[in-house]
Structure formats: C-alpha cells, structure tokens
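This report describes a two-chain model in short sections. The sequence and structure come first, followed by the text.

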Amino acid sequence: MADARAVILNRIRAAMADRPSAPPVPRDYDTHRPVDDLLGLFAERVADYRATVRRVGAGKLAAAVATALHERGARTMVVPPDVPASWCAEGFRWLVDDPPLAVDELDAVDGVLTGTAVAIAETGTIVLDAGPAQGRRALTLVPDYHLCVVRAEQVVGTVPEALAALDPVRPLTFISGPSATSDIELNRVEGVHGPRTLELLLVT
Amino acid sequence: MRRNPVTWLGTPTFPRAASAALADPQLRRNLRHATHTIRTKRAGAVAELPDWESLRRAGEAIKNEVLFHLDGYLEALEAAVTARGGTVHWARDASEANEIVLRLTRAAGAAEVVKVKSMATAEIGLNDALESAGIGVVETDLAELIVQLGHDRPSHILVPAIHRNRAEIREIFAREMPGAPADLAAEPAALAEVARAHLRRKFLSATVAVSGANFAVADTGSVVVLESEGNGRMCLTLPRTLITVMGLEKVVPTWRDLEVFLQLLPRSSTAERMNPYTSIWTGVTPGDGPQEFHLVLLDNGRTATLADPVGRAALRCIRCSACLNVCPVYERTGGAAYGSVYPGPIGAILTPQLVDDPADKQAASLPYASSLCGACFEVCPVRIDIPEVLVHLRAKTVAAKGKRSGEAAGMAALAWIMGNRRRYEAAQKAGSLARLLGGADGRISHLPWPGSRWTASRDLPAPPKESFRAWWRRTHG
C-alpha cells in the first residue's frame, strides 16, 4: 500500500493542475484603533462577561488581594513558583506549585492567583503564556476561582496588537470571562468546567 | 470505494426528510427561537467592527492562498510540528483516520478517551469506531453530551443539540445521567451545573484526549482550538496524550493570519466579541500539558473537492454556522433532514462533494435544499458564494443523469421551441391557457403529471392572458 502522505500530496497536486494564482491578501483592516480610555474600555468589556475588575494602585496590591479573598471567603490559594512574594497577602494559606501539585490537590484549593501576559481591551480578554507569574496551564484551569493581576501597560487595544506581542510557540490561553456555554437554546450561561469566577486586579 | 460516513446511512432524500421535520411543531418552535436569538446577536457583534468587510475579504484571500498551495503549507506544518516534539499522521479517508486514533489510544494503554467537540471526528464516525473496538468515548461539550445521552444525532455545527429545548434536555439528563438529582430544574444554569459534576471526575483522571482543530499555523506549527465551557482546556491540558484530528484545509500560512480569524470566527459563531477560551499549543511543552501530541491530517474527500474550481470554495469554511442560523430552509426543517454532520447551506455544498459519489441520491438531493435567497453568502465570514456553488452542483447532478433524463428532454424541447419565432409564439399562446388551472388567487397549486412533480411542493403563478409580445403588437404594432 502506498504511503498515505505521498498519496494525499499527489492528490493535491493533481487537483490543482489548473494552478490558479491567489491574489495577495488585502490587509486593509485595522490593526490599531484609537481609543480615548483604553483601561476603561477593557474594564467595561470584561464586565460584560460578568467578570469583576478592580482598579488598584501599585502599592496597594496585597491589600486588594486580601479584600478580594475575604469577599470570596477563600482561604487556601495556589500560586505559580515565580509569583512576587508581595502579592501573597498575609492571613491566607499559599500553596506554591513547586514541585507541581497533583490535579486532585488543585481541585481542592479555593482558587489561584496569577499574573498575565497581555490583555485585549476591545474583546475584554486576558492572555496567559506560561510566562512570569502565570505558571503551567492546569494551574488556572482546575481551581474554581481565578484571581488575575493585570498591569496597565499589558493592556493593548485590538486582537492584532495582542498577537503581535505574543510568542506563538509558548502554550497560550485566551480567557474572556468565566467559563460559559451557549448550548441550551443559544443563550449564554456562565459557569461550566473552567473557573466559574474570574476576578481581575488592574494595577495602574 | 468505502462509504464515507459523513452522511448517515438510511437517511431519505432531503424533500422526504424535510416533510417529516415540518410536521413536528415542537422542533419548529425550538429552531425558530434559537436561530432568531443568535441572528440578532450576531448582527450586533458584527456591527461593532467598522472593518468587518475588510476582515471578510482578508479571510477569503488567506483561505484561497492556502487552498492554492495546500501541499506546501501541509509540508511546512508537518515540519514545524515535528520540530517541536509532535508527531504528524496522514489519513486518506475516515477508516484510515479511525485506525490511527485507535492504534494510538491502545498504545497509550487507555480504555476510555475524553473528547472535545470536533466536526472532523464526527464526520469520520470516530465514536462508533472506537466503541466497537471496546474503547469508551466521553463527549465533554455540553451539546454533544446532550446528543450522546439522548441517543440522538447532531443537528447543528456549533450547537449539536439546538433542536432540544431546556425541558427536553432536563428529561434526558434526569433519565440518562447517573447521579442527576430528582428535582433537577429545567433551567440552563442548573443543567450546566449537573454536566459539570458529571464530567469532572472524567477530566481529572483521563489519560488520552481527542480533539479537532480550528486552525493550525504552517510557519510555527501552532494548533488552535476555540471553545466556551473549559471542557476543551481540560482535554487539551490534563491528559498525558493528545490526539488532534484536523481536516487538511484548516492550515493557515502564518501566525499573523490568526489576527483575522480570531476576529471573524467568534463574532460569526456565538456572536461574542471573543469566545471564553482559546487554546494555542505548539508541539509538546515539557512540564506543561500533554507530553505526547499527535496530529492526524484528514483528507476524506477534501482533495476531490479541491479538484473542482467552483466547488473548492466550500473548503474555505471555518465552521462558524452563521449560514445555518440565517437560512430560511434550515430554520424550518432543522439539521437532521440533511442526513449529515454538516447540515444547512454549507452542508448542502460540502456534504455532496465529500461524498463524491454521483450515484448517492441522498447526497445529490442536498444542493436543492435551498431557495437561493443568498442570506448565507451575506453572513459568511470567508465569503463563500454558497448559492453559486449550489447551482453549480445542481448542474453537475443533472449532467450526471445523461441525455435521457426528464430535465434533459424538457430542455431539448424548450430549445427547439425557442429556436424559432413561430413555434415560440404558438407555445406562448398555448401556455396562456394554463391560467385556467389557476385558482382565484391567480396561483396554480396542482398541475397534471409530469408538472405535478413541480407543484407537489410549490405554487406556480398562473400565466397572464396575453404575452408581452402579443401586447406590444396590439398596442404599438
């Protein structure tokens, strides 16, 4: 039996015997759009997904973390190994993912605290790339509550700006609000398998 | 030739299946509600982007570029995935793809796989193939779970259980899901909650996952899955082995091209600015996610489709399902009437081409499942001119019937009549007598055979008393 790869590639070449030439891709869409209040737009779009955004001054992050966790009633939180110690407010139990925790351990914590790589204002999206303060993908997936720190300078306006800022070969997760489904009568309902609560701390 | 499982064995031709579906008032209510909800939302999500038409044109051009140089892009994708620790497999047809997945699952020592919703694996009948080989399959997308537990068939590309309303879903869960509470409410939030509880153990213990792919980037080897619930992330992250089955045409040339599709797809499909979760991975990342990654590139009729210069436009499809949601035919008949995992306008042009068998009457009936109103083309994010392809495929169907068919005889007679002025005017005069068959509303609902084959499902306007030519001669002559 001939090799499937060779057969398929030959079928493609035979199918395209007419060798049509593709015109160049028109890229006259917007890669950037001017916005008056980028952070305001980001906060508004995130809120549309029923996620919470709190604006925080740079020196007050630990206090904001403590407030969020108190309101949530969370006591045990998991963090990636490289989360700044200053984020981990006193009065809570902080589990560090080093050595990596088992999934059952991740399933048992009250939540996870991470940073982010890039945020997109127009779509209300945060993107994690397993870079600084973000950890491996399972960390922000299994716990039911995700508290995420976004620095103002990480927020870009559009999807094209975000992709240009990302490294494609890192494992990437784009997150737009808490997990949701539109599978029942095409109405959006929040809260399925991923974290059911997403809160962002926007550091300005 | 082995039968392509993209259509379901035993489904009647579209007109017969549609008659049955139209007689179900509950189905029509469910579909009308769902399609109208999503239509309005999509229009809003699209209107927000001032450059939407430019994005559509870019999407169309990128996909054409891919199709015109598919061999080179697939070779580049293979090289990039392999360089990052993944393994690429090639499958000529459904059974070859199923055999590859089965072999890999067995090699991983798994008795069960978790699955992310994927059109490619539905198209090849992977669940049946694995189950008949003794491997359990757990669908983790909520709508796929509803279909699986309801022993049902999918009826929509994005929302396979669109034909079910909340009360019906509640009944299915209460009956089929172990541990579903007796007082389960028929509320979307409560139904999503029991699905979460039901699947959580499966996610945390699964060792092999099977997914599809929305896009794969040739120059980086990155594979992209868009989803909402987080079941995708669970499958793409927790198991040790990940097997992704992807149609050949899903490759895009460069990383930058994703900036177009990550805008076009969410707004066209779920009518959101962005879907809740998009995962992108490249090969294997040590210490993060699956440590074994297999990418199965699936032909299954795609290269045959590629050979048709008009029909190949169907391969630009990114499976958003916007064309289903706006289609007046789909809204009334539902997806099951199409007898394929690809229903609606895109199914009507994609399914018969993937089947690629002129003797298959069911598949050949699908290009007629349209009034050619053109709403599908207007919403298509990659500008597939679906009506053009429908007409093209109808012509192919008629041509395949040969010169002895009714259409061919009728057209030959018409050519003879229209080729001569006297014959033409005589025919017009005779034709105007047909108005006597019309009712008081000026419409003909019942023609004698063979015209009855036309009027069985359509009215015909009664011809006027006088032809234009006769009127002109009388008033200006």
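## Domains and conventions

Chain B is divided into domain 1 (71–302) and domain 2 (406–476), with bounds that come from an automatic or database domain assignment. The centres of these two domains of chain B, taken over C-alpha atoms, are separated by 54 Å.

The model is predicted: local features need pLDDT of at least 70, side-chain atom pairs count only at pLDDT 80 or more, and totals for chains, interfaces and linings use all residues. Residues are numbered from 1 along each chain as its sequence is written, while chains are lettered from A and ligands numbered from 1 in the order in which they are written.

## Parallel sheet of chain A

In chain A, 6 strands form an open sheet with parallel pairing, in the order β1-β12-β7-β4-β2-β3. Its edge strands are β1 (52–56) and β3 (93–96), each pairing on one side only. From one strand to the next the twist averages 25 degrees, where axes are lines fitted to C-alpha atoms, for helices over the stretch in contact, and angles run from 0 to 180 degrees between N-to-C directions. Strands are DSSP runs (E, at least two residues), helices likewise (H or I, at least four), numbered from the N terminus; two strands pair if DSSP finds at least two bridges between them.

Within chain A, β7 (residues 145–151) and β12 (residues 197–203) run parallel and are joined by 7 bridges. V149(A) has L201(A) as its bridge partner in β12(A).

## Hairpin of chain A

Strand β10 (residues 180–184) of chain A pairs with β11 (residues 187–190) of chain A in the antiparallel sense over 3 bridges. T181(A) is bridged to V189(A) in β11(A). The two strands form a hairpin with 2 residues between them, and E185(A) in the turn has a positive phi of about 60 degrees.

Of the 5 residues of β10(A), 5 are buried (20 or more other C-beta atoms within 10 Å of the residue's own; exposed means 12 or fewer, partly exposed in between; C-beta atoms are placed from the backbone).

## Contact between the chains

The contact takes 75 residues from chain B and 59 residues from chain A; residues are in contact if their C-beta atoms, placed from the backbone, lie within 7 Å. The chain B side divides into 38 nonpolar, 21 polar and 16 charged residues (Ala, Val, Leu, Ile, Met, Phe, Trp, Tyr, Cys and Pro count as nonpolar, Asp, Glu, Lys and Arg as charged, the others, Gly among them, as polar).

Strand β9 (residues 172–175) of chain A runs antiparallel to β9 (residues 277–282) of chain B, joined by 4 bridges. T173(A) stands opposite S279(B).

## An exposed leucine

L414(B) lies in helix α20 (residues 406–418) of chain B. L414(B) counts as exposed because it has 12 C-beta neighbours inside 10 Å.

How values were computed: Contact = placed C-beta atoms within 7 Å.
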